[in-house]
Amino acid sequence: MDDHKPPEIASGIYWVGVVDWNLRDFHGYQTPKGGSYNAYLIVDEKIALIDTVKAQFSGEMLERISQIVDPARIDYVISNHVEMDHSSSIPAIMDVATNAKLFASSKGQAGLAEYYKEEGFDKWDIEVVGTGTELSLGKRTLMFIEATMLHWPDSMQTYVKEDRILFSNDAFGQHVATSKRFDDEVEDVMEDAGIYYANILLPFGSQVLKYVGKLKELDVSPSMIAPAHGVIWRKGVQRIVEAYGRWAHGDSVAKVLVIYDTMWGSTEKMALEIVEGARESGVEVRLRHLRKNDWSMTMKELMDASVVAIGSPTMNNGMFFTIAGFLNYMKGLRPKDKKYFLFGSYGWGGGAIKAMEKEMEDARFELVMESMQVKFRPYEEDKEACRNIGYKLGEIAKENAKS
Ligand code: FEO
């Protein structure tokens, strides 16, 4: 029955990936909607497999390929990226497709050599390719494009010139588990792509801008972008490429993001008053309690906020552990052009504000006004001060919005 055949995304080109419905954590990036690892099979005079899946799912991928062709007939395996979610089923496929040739970027080859010494790397027939290298499949031509630091040094993409399909690997992905394969079949795809960008690609804005320029130079104008995670872009190709341009440029809106944690509710009361003041100023406001909200979505909220207020109670002379962990995570993702304000409560010595200030200096955010601390609990005058601060932060958010 054809119903069980893997989805044909274009004539002779099939999705042979897997959906990871239970994925809730992708090396620390929380994925409440699950995920997928997309591999694609092109059946032409030569048969090519583009990327593979996490090793634990290699059997499922091989079964899917078997519904189209005998996997032993695969001629070419393209490894666009060495990270394990895409490469760790290469050993399984090379064991079956014994005549297959493997293609990777130069750094990809080096990475595969390091990862798969014990799985037969020395026996594999591997060819290094670079930007502009072409490989004929018969009727179709693959062209490789190095996508350095989108998001690893080895990252590469594969373009089918005749079909104008860009197999973009991690770029343009989303972590979402769905039975649908295309962007126009799901809701919230831009939101999911934004969360993905904020947690995977945010540190590499200048490389993303260079890469978008390179696509133009190479005359690559895809009609379809097939990433290695999530759904395939067919309706929203232009929309997602433009969004990458904005995100890479560091665009922001007049928005105040309030991030906090709390022990006995005092820091939370301050956070709520800041939210109220910012709301009164007329800007968009978001509130994120770090033990009740995932950090991945918080990073998405931060990506387009022009001002962030961060609140922590003092615990053991320092900041609360969730705030410490989040600030460390955030620093690594290097958001740019953000202004900030700090607040919190303490019982005796204090210490949270000082510890947070150090982190924020490292993150190169700009302090916009003196931090505010209250001892034990905020009284009415403190709450009023927080509301006034929130209003001022809203005004600053308007001035600092960047497009
Ligand atoms: Fe989807 Fe960088 O791995």
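Domain bounds here come from an automatic or database domain assignment. With that in mind, the chain splits into domain 1 (8–249) and domain 2 (253–400). Quick housekeeping: this is a predicted model, where local features need pLDDT of at least 70, side-chain atom pairs count only at pLDDT 80 or more, and totals for chains, interfaces and linings use all residues. Residues are numbered from 1 along each chain as its sequence is written, and side-chain values use heavy atoms, with hydrogens and water left out.

So, how far apart are the C-alpha centres of the two domains? They lie 38 Å apart. Counting contact as heavy atoms within 4.5 Å, domain 1 brings 13 residues and domain 2 brings 13 residues.

Now the area. Buried area is the accessible area (1.4 Å probe) that two parts lose on being put together, summed over both. For our two domains that's about 1,200 Å², with 59% of it on carbon and sulfur atoms. On the domain 1 side, Q30, L202 and P203 lose the most area to domain 2, together 41% of what that side buries.

What about charges? Take a salt bridge as a side-chain nitrogen of Lys or Arg within 4 Å of a carboxyl oxygen of Asp or Glu. The rule finds 1 salt bridge across the interface of domain 1 and domain 2. There is also a salt bridge to look at between the side chains of E191 and K300, at 3.4 Å, N to O.
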